[in-house]
Amino acid sequence: MQSKVGGKPGEEVAITDDRIHTWAHSCLTDGRIVVNSSHPAQGFGVFLLTRRAAANPLYERIQCELVPKGELHRLSVSPSEEKVCFEYLVGHKFQEPGHTLYIADFDAQQRTITNVKVIANQPGKPIWFAYPRWIDGESAVVYHSGETGKNQLYVYRLEDGSTRRVSTNPNADYRYPHGEAAPC
C-alpha cells in the first residue's frame, strides 16, 4: 500500500497484487521501494519495486551473493543510499531467532548489494538479533539482541568495528530501535 504525506485513512492505494507476497523494507528518494517478494515470474528474491500508473509495478531484481542460500530481512538503506544493513537467515523457512546482521555496499543503479560484512551473530545462534537501523548518518548501526536473555540495544561503529551495549537497564526488554533517539 502507498499513501501520501498527510493522507487520511482509506486514501491508501494498493501498488502490488495481493496474490503476490511482497514485504517492503525501505524506500529510496526516487520513490523505488526495496522489497522481498515471491514474484510469479521471477521467483523469490530482493527487488527494487517501482510503482507505475495504470500498470503492474516494475520488479527489478537486486543481486546479492547471500540471496540464493537464504533471505534478507528488515533491510535499511543508509541516508546516502550507498549502504544497507539487514538481517540474514540461512534457508527459506522464516523463524525469528537465528538471524545474522550484516552491513554492505548498495548500488541502486546497478541493483547490487556487495562487500557484505557480518556485524552481529556470525554463527547464527538461535537468539533474536534484529532490526538493524542506521544512526549518526551512516557511521553506526543500532540493533537489538536477546543474547543476555533480555533484548538489549547495541551500537556497531563502522569506523573501528566496535560494538557497545547502549541500553541502560539490563533488566528491561528493548526492541525495535530507530535511529532518531538512539541512546548513544
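Hi everyone! What you see is a predicted model, where local features need pLDDT of at least 70, side-chain atom pairs count only at pLDDT 80 or more, and totals for chains, interfaces and linings use all residues. Residues are numbered from 1 along each chain as its sequence is written, and side-chain values use heavy atoms, leaving out hydrogens and water.

Let's start with the fold. How many helices and strands does the protein have? The count is 0 helices and 13 strands; these are DSSP runs, with helices being H or I of at least four residues and strands E of at least two, numbered from the N terminus. The C-alpha trace spans about 50 × 40 × 30 Å along its principal axes.

Now, the inside. Of the 184 residues, 42% count as buried. Buried means under 20% relative accessible area, exposed means over 50%, and partly exposed is in between, with a 1.4 Å probe and protein chains only. In soluble globular proteins, nonpolar side chains tend to be buried together. Here, the largest nonpolar core has 19 residues, and Val34, Leu72, Leu75 and Phe86 are among those with the most contacts inside it. Such a core is a set of buried Ala, Val, Leu, Ile, Met, Phe, Trp, Tyr and Cys residues joined through side-chain atoms within 4.5 Å. Strands E3 (43-50), E6 (70-77), E7 (83-90) and E8 (100-107) each supply at least two residues of this core. A second, separate core of 12 residues includes Cys85 and Trp134.

Arg74 lies in strand E6 and Glu87 in strand E7, so the pair ties together parts 13 residues apart in sequence. Are these two buried or exposed? Arg74 is buried, at 13% relative accessible area, and Glu87 is buried too, at 0%.

Another salt bridge links Asp17 and Arg19 (2.5 Å, N to O). Here Asp17 is partly exposed at 26%, whereas Arg19 is exposed at 70%.

Definitions and conventions
Salt bridge = Lys/Arg side-chain N within 4 Å of Asp/Glu carboxyl O.
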